[in-house]
Amino acid sequence: MDISAMNSSMTHNVNDAGTGQAGSLSALLERLASQDGRVQELQTRLTAARAVGPENGGEGEGAKAAFIESVLRGAGITDIVHVDAPDDRVPGGLRPNLIATLPGNSARALWLFAHMDVVPAGDPGLWRTDPWQVVRDGDLLTGRGVEDNQQSLVSMLLLAEGLKALDITPELTLRLVFMSDEECGNSRGLDHVLQSRPDLFPAGDLYIVPDGGSPSGSDILVAEKSLYWLKFTVTGSQCHASTPDKGRNALVAASAAILALDGLNREFPLQDGLFEPARSTFTPTRHELNVDGVNIMPGRDVFWLDSRLVPGVEPEAVRDRAAALASAAAAEHGCTVEVEEAMLQRASKTDPQAPVVLALSRALAEEGVTPRLIGIGGGTVAALLRRAGLPACVWSTIQECCHEPNERSSISATLRDARVFARLLAEVRQ
């Protein structure tokens, strides 16, 4: 990709739009560079909302969504559409999904997506600070959710506030989507929105999901592996732990099954250099409570497998081989295994020459960043957009510490990402 040519093209476009637009962009970029205090303020409020989904023992995104909407309305943004999803497990019975619109000179829109839910804090002993209270150390903020996905959420809010404060009408219309349920499957988040209101999403718009990236900000993510979760239920026979010969230990059988599943790496060796790692991955993760007492030998044990499959590896083939490997291992201990599909999001890819990829590449070049196109193993809602026929890419400048204890986010990266979004709004190419 010829970066010098992109720089020249972008300058030409801005000049063609007139000095008024160029001046507005300059003023907006200057304002965005000076909002470090506002970043900390917004992050503090968003983190305190504790938007953990009900699957993880939380009350959902209601309080967080209410705060976001108050920020938008406080800035003078009134075009806010709710596409909420019913969920009787949370207070109020709804999982909120908001779409805020700031009109531009063109009906063609730049769409930015951020999810409001966060994962639980995990073991509090691994945190140096209270995970729900943001702590600042120089350029970095620490707290649960500050990177995933609040950094980009804050960039989006800063951009909206800047446009309204400076009374700027951008070249492109800006549409900001704030979603629920990203961490637990999207059925009450963007998947619900796309199913309920497909009319809101024109094919010719630019779709960017700032929910992945790299510390340098150079990586544009254009492809994703299949995200595939399997649940394994191992059944034996419960008895007192002092008389183990009377039963069949499901925990021991499950342990053998987990070790046997390592064979999936040998059976599915296909690699794709767009991804890192280039291979499919098969990772045992969650283990559910089996018995309540140490003196009880479990007759039932449940564990989960998280698989990320490169394009060309069929999930159904993985399921069949996983079931065979686990069942054979458990049978040696007198137990049986039931395998259930818990989640499947198939691999997806955006054409590297799609307008959204080229436009984002030009905006990055304006910020002095050389773009690099890659694929990822982590799942994002970009896959849902691609499934709907909407070319989308994933990009942001992040520390890559999501879901970790002591999760952190860079203030300067938050501000620079907002400036990149501002440059995209000046995009006049079709």
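Student: Which residues is L159 in contact with, once we leave aside its neighbours within four places in sequence?

Tutor: In this predicted model, L159 is in contact with L28, L32, L112, L174, A418, F421, A422 and L425. A contact here needs heavy atoms within 4.5 Å.

Student: What makes L159 and F178 stand out in the largest nonpolar core?

Tutor: That core has 60 residues, and L159 and F178 touch the most other members. Apart from it lies another core of 24 residues, and F232, F268, F303 and V313 are among them.

Student: Let's turn to charges. Why is the pair R95 and D87 called a salt bridge?

Tutor: A side-chain nitrogen of Lys or Arg has to be within 4 Å of a carboxyl oxygen of Asp or Glu. For R95 and D87 the N to O value is 2.8 Å, so the pair passes that cut-off.

Student: Are R95 and D87 buried or exposed?

Tutor: The cut-off for buried is under 20%. R95 has a relative accessible area of 1%, so R95 is buried. D87 comes out at 2%, so D87 counts as buried too.

Student: What makes the pair R387 and D191 a link between separate parts of the chain?

Tutor: Their side chains meet in a salt bridge, with 2.7 Å from N to O. R387 lies in helix α11 (residues 382-387) and D191 in helix α6 (residues 190-196), so the bridge ties together parts that are 196 residues apart in sequence.

Student: Why is R387 called exposed?

Tutor: Exposed means over 50% relative accessible area, and R387 has 56%, so R387 qualifies.

Student: How do you know that E367 and R423 form a salt bridge?

Tutor: Their closest N and O atoms are 2.9 Å apart, and the limit is 4 Å, so the pair counts. E367 sits in the loop between α10 (355-366) and β18 (372-376), and R423 in helix α12 (residues 411-425). The two are 56 residues apart, and the pair links distant parts of the chain. Both E367 and R423 are buried.

Student: How many salt bridges does a search of the whole structure find?

Tutor: The search finds 25 salt bridges.

Student: What kind of peptide bond joins D148 and N149?

Tutor: A cis bond, with omega about 15 degrees. N149 has its place in the loop between β7 (140-142) and α5. The bond from E276 to P277 is cis as well, with omega near 0 degrees. P277 is found in the loop between α8 (264-267) and β13 (281-287).

Student: Finally, what is the volume of the second largest pocket?

Tutor: That pocket has a volume of about 190 Å³. Of the 13 residues that line the pocket, G76, L102, P103, K164 and I168 are the closest to its centre. The elements giving two or more residues to this lining are β4 (98-102) and α5 (150-165).

Student: How do the residues of that lining divide into nonpolar, polar and charged?

Tutor: Six are nonpolar, four polar and three charged.

Note on methods:
Residues are numbered from 1 along each chain as its sequence is written. This is a predicted model: local features need pLDDT of at least 70, side-chain atom pairs count only at pLDDT 80 or more; totals for chains, interfaces and linings use all residues. Side-chain values use heavy atoms; hydrogens and water are left out. On a 1 Å grid over the protein atoms alone, a cavity is a set of points where a 1.4 Å probe fits but cannot get out, and a pocket is an open set with protein on both sides within 12 Å along at least five of seven lines; lining residues have an atom within 4 Å of a point. Grid points are joined across faces, edges and corners, and a volume is the space filled by probe spheres set on the points. Helices (H or I, at least four residues) and strands (E, at least two) are DSSP runs, numbered from the N terminus. Ala, Val, Leu, Ile, Met, Phe, Trp, Tyr, Cys and Pro count as nonpolar, Asp, Glu, Lys and Arg as charged, and the others, Gly among them, as polar. Buried means under 20% relative accessible area, exposed over 50%, partly exposed in between (1.4 Å probe, protein chains only). A nonpolar core is a set of buried Ala, Val, Leu, Ile, Met, Phe, Trp, Tyr and Cys residues joined through side-chain atoms within 4.5 Å.
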